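Trainee: I would like to go through a protein model by question and answer. Please show me the sequence and structure.

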Amino acid sequence: MLNRLPLLKTLKHDQWVKPFLKHYKRTLVLAISLGILTFVCAGGLMFTSGFLISKSATRPDNILLVYVPIVLTRGFGIFRPVFRYAERLTSHNWVFKMTSEFRKKMYDSLEQDAVFFNSKYRLGDILGLLSEDVAHIQNLYLRTIFPNFVAWGVYTIIVVGLGFISPLMGLAMLVLFGLMIFAIPAWSVVINGARQEYEKQVKNDLYADLTDNVMGIVDWVFAQRNQEYVAEHLNSENKLFATQTALHQFERFRDFLMQLVILAIVLSLMIWGAAKFGGQYGGTANWIAAFVLAVFPLEDALAGLPAAAQETNVYVDSLKRLNQLPPIPQSKTDQLEVQKPLDFKIQNLHYTYPGTSKEVLRGLDLSIPAGQKVAILGKSGSGKSTLASLIRGDRQPSTGDVTLAGIPTNNYKDRISKYIGVINQRPYLFNTTILNNLRIGNENATVDDVWQILDQVGLRQMVESLPQGLETMVDSAGLRFSGGERHRLALARILLANTPIVLLDEPTVGLDPVTEREVMDTFFGNLEGKTLIWITHHLQGIDAMDRVIFIEDGELVMDGHPAGLAKTNERYQRLKAIDEGR
């Protein structure tokens, strides 16, 4: 049966949960030991209290017959909350330390492919990893691993202790407590686990169908299939309701069986305790009360195990996703030796988006020497934005090479920001001060440096007019500023970072013609001497560039100086005339 448990099968090849159990094993052992001592003290407290109450109801022959139980009751009563508090502190401290290391390991793993998220992962998977999966792993420790280890420790003490006094009673407890700790939880996982998987599948199908049907409700109405739509949705809901009903019925039956096992334990301990100790160490009623009350704390330790075991099915997907992440390199000391000139070379470049068969770029060859200003034109879908992603190193070529200073751009990873600054269609400003927003590119920039850059981009007067100047808070996404101001602030950030290469990815889309001209003049005036790659869809301001490249259907179809193309290339002449409205 255990081979059928999904969590156990997944843990066999796990490289995420098991290492932390070994790494923090001392703290884990301490927390489990304190948990065991908590239930030992709880059981001892109830045992001695039951004996004391019963014994005190009769006239004792000697005060010592109740003095010892009184002392033990006080002792267990004091140490139970002490051990409980220490166990909570230790176990939660262990989990928090583990979780912090766990998150760091996960971030280190994801960081290797940070620039390739769009091409390798779905956004939902990443969000699931960063939030839901970490919470699941934390619950796996707190609600499954800890309770089971504590239960196994208590189980061992009970079986060994009673077995030492009476081997037959020890064997009976071995079987009865074994049902509660192993058999019923495993049975719950096997039976309800399949139902949980089916419930999850039905829910996903229901959500997908409901979304599709609501989006296409007009088509259902026009086709006069309203009743069919309602019947289909009700059928899916009925399947889900039937599955959930079966889950709840099984849980109630399982809990009833647990209570029957506890009843069997109570009865067997009552009969055995009264027979074993009643005549020799006091009245039978005294031991009946002691053994009956002693079982109740143990029920708290064991009753939740089946539900906790059943929840392990929820953790399996999280473990699978985590173990599919790339391994973390042993050393992070590798440094790129980047030597000037910072020339781009693109050779036989092909790119196909994952999951598709259409090539976006086909055999592109291109060289961009350092300091050159290049405009890359093309209609929507021609491949120019994909080329920009490859230049930044955000994507890896399907075949061919994109290199900067002889090094593939995807090898730079997060270090690419030292060499390439990007201003796109909607520059993002964070919800912090203007000063902090501008210093993102250069944390060592002084306030004087910031004012100087703002003066360069034409924003000094605007910022000085604000009530708090540089300390003015920027609203979420910078919406308090106009489109042109946001672009100028983004340019100021780039100038502070002083990257030798600047990529303008259609930065003026959505701006009016006057603002567009002013923004582009600001860009060209402040980026003199830098390599400038301008992704655009029209020719406004194109004469300021050293070179114009036109991409169509993933291929290079035009390349030259703007003035030269304006004289010799008919297609360029037509495009420029259209763009100027002639």
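Predicted model: local features only at pLDDT ≥ 70, side-chain atom pairs only at ≥ 80, totals over all residues.

Trainee: How many helices and strands are in the protein chain?
Mentor: Helices (H or I, at least four residues) and strands (E, at least two) are DSSP runs, numbered from the N terminus. On that basis the protein chain holds 20 helices and 10 strands.

Trainee: What percentage of the residues count as buried?
Mentor: Buried means under 20% relative accessible area, exposed over 50%, and partly exposed in between (1.4 Å probe, protein chains only). Of the 582 residues of the protein chain, the buried ones make up 45%.

Trainee: Which spans does UniProt annotate as "transmembrane region", and what is the chain like over residues 256-275?
Mentor: The annotation comes from an unreviewed UniProt entry and covers residues 28-52, 64-83, 145-165, 171-191 and 256-275. Such annotations may be inferred rather than shown by experiment; the positions are given in the numbering used here, with feature names shortened. Over residues 145-165 the model is 100% helix and 0% strand, with end C-alpha atoms 31 Å apart. Residues 256-275 are also 100% helix and 0% strand, and their end C-alpha atoms lie 29 Å apart.

Trainee: Which residues make the nonpolar surface patch of about 590 Å²?
Mentor: Patches are made of residues with over 30% relative accessible area and no salt bridge; like charges are joined within 9 Å, nonpolar side chains (Val, Leu, Ile, Met, Phe, Trp, Tyr) within 5 Å. Areas come from the Shrake-Rupley method with a 1.4 Å probe, and for residues only the protein chains shown count as cover. One member, F253, sits in helix α9 (residues 226-281) and is partly exposed at 44% relative accessibility. The patch is made by F253, F256, L260, L263, L267 and I271.

Trainee: Are the two faces of β3 buried or exposed?
Mentor: In a regular strand the side chains alternate between the two faces of the sheet. In β3 (residues 373-377), 5 of 5 residues are buried. K373, A375 and L377 lie on one side and V374 and I376 on the other, and both faces are buried.

Trainee: Which strands run parallel to β3?
Mentor: Two strands pair if DSSP finds at least two bridges between them. K373 has L532 of β8 as its bridge partner, and V374 has R547 of β9. There are 4 bridges to parallel strand β8 (residues 531-535), and 4 to parallel strand β9 (residues 547-552).

Trainee: Which residues is I549 in contact with, leaving aside its neighbours within four places in sequence?
Mentor: I549 lies in strand β9 and is buried at 1% relative accessibility. Contact means heavy atoms within 4.5 Å. With those neighbours left aside, I549 is in contact with L366, V374, A375, I376, L377, L556, M558 and D559.

Trainee: How many residues apart are E555 and R362?
Mentor: E555 forms a salt bridge with R362, with the closest N and O atoms 3.9 Å apart. The pair links distant parts of the chain, E555 in strand β10 and R362 in strand β2 (residues 359-368), and the separation is 193 residues.

Trainee: What is phi of N498 near?
Mentor: N498 is in the loop between α17 (483-497) and β7 (501-505). N498 counts as exposed, at 53% relative accessibility. Its phi is positive in a residue other than glycine, near 55°.

How values were computed. Residues numbered from 1 in each chain as written. Heavy atoms only, no water. Salt bridge = Lys/Arg side-chain N within 4 Å of Asp/Glu carboxyl O.
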